[in-house]
Amino acid sequence: MLTHLNPAERRLYVILCANFVILGISMTIIGATVPQIIAGFHWTYVETGLVLAGGSLGYLLSTFASGPLLRRVPERVLVAVGLGITALALCFIVRSPLFWVNCILNILIGIGQGFSEVVTNTLVIRLEKKGESRLMNLMHAFYCVGAVVGPVVVGLLAWLGIGFVTVLLIAGVIQVAVAVLLTLQTYPQLGGGNVPVEPAMPGELEATVVDANGGGLPASAGVTRLIRSPLLLVAALTLFFYVGVELTMSN
């Protein structure tokens, strides 16, 4: 599966998989601590719901912002910023009993998670062999590992009488470690996938996007074509309901 990658690309992919384990943990541990949070802070379910919704709002905003930013900001910088924001917010969330403070912190967590996931997915797409998705599938399986480990650890610590804040602190520290590792990596020239070219400078021709056949299309035409694609709309609607249940109702 990794035979087509050089050593630097393999190392990058392994760290990206580790990043997705942490992403799975950070997306589930707050939901897993809801009973303890309600008991400790005496929040209503409305207040708790607003805090949880904050994470989804931040995630929504950063995933939309990642597209334009990736055309101007190096991947290593964007993913490091995302992981850093998440780590900082994880270290301070549920330290205050004020639900609105925690709502803001969870928005920051969601923002960092969105940057982290988009950059990671983009890099893995570029690492894939043309026409395959094995690396992407395996990486998302690592997300599932984290999504299982996080709540299980929360439950075990609760059984041992250890507060859930410890889990959040550990997750934050690991986020920092992964961010440092990703920052230190050499990002090789990666092949495959549809890669946007440099945006046009003011006064130049409109920016173009390289399609799968190597041809250039105006950026606006590419977006219009995607919006008009029935398959894209069905996939987006499916994710709308699936992720909505995964990140909100399940929590």
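Student: Which residues of α3 are buried?
Tutor: In this predicted model, the buried residues of α3 are Thr 48, Val 51, Leu 52, Gly 54, Gly 55, Gly 58, Tyr 59, Ser 62 and Ser 66.

Student: How far apart are the end C-alpha atoms of α3?
Tutor: They are 37 Å apart. Helix α3 covers residues 45-70, and at 1.5 Å a residue its 26 residues should span 38 Å, so the two values agree.

Student: Changing topic, how do α4 and α5 cross?
Tutor: The axes of α4 (residues 75-92) and α5 come within 8 Å and cross at roughly 150 degrees. Because angles over 145 degrees count as roughly antiparallel, α4 is roughly antiparallel to α5. The crossing of α4 and α5 is left-handed.

Student: Which residues make that contact?
Tutor: On α4 they include Leu 78, Val 79, Gly 82, Leu 83 and Thr 86, and on α5 they include Leu 105, Leu 108, Ile 109, Gly 112 and Phe 115. By class, the residues of the α4 contact with α5 are 13 nonpolar, 5 polar and 2 charged.

Student: What about α5 and α6?
Tutor: Helix α6 (residues 134-159) packs with α5 at an angle of about 145 degrees, and their axes are 8 Å apart. Glu 117, Thr 120, Asn 121, Val 124, Ile 125 and Leu 127 of α5 meet Leu 135, Met 136, Met 139 and His 140 of α6.

Student: How many of those are charged?
Tutor: The contact of α5 with α6 has 1 charged residue, alongside 6 nonpolar and 3 polar ones.

Note on methods:
Residues are numbered from 1 along each chain as its sequence is written. This is a predicted model: local features need pLDDT of at least 70, side-chain atom pairs count only at pLDDT 80 or more; totals for chains, interfaces and linings use all residues. Side-chain values use heavy atoms; hydrogens and water are left out. Helices (H or I, at least four residues) and strands (E, at least two) are DSSP runs, numbered from the N terminus. The expected span of a helix is 1.5 Å times one less than its number of residues. Buried means under 20% relative accessible area, exposed over 50%, partly exposed in between (1.4 Å probe, protein chains only). Axes are lines fitted to C-alpha atoms, for helices over the stretch in contact, and angles run from 0 to 180 degrees between N-to-C directions. Angles under 35 degrees count as roughly parallel, over 145 as roughly antiparallel, 65 to 115 as roughly perpendicular and the rest as oblique. A crossing is left-handed if the near helix is turned anticlockwise from the far one by less than a right angle, and right-handed if clockwise. Contact means heavy atoms within 4.5 Å. Ala, Val, Leu, Ile, Met, Phe, Trp, Tyr, Cys and Pro count as nonpolar, Asp, Glu, Lys and Arg as charged, and the others, Gly among them, as polar.
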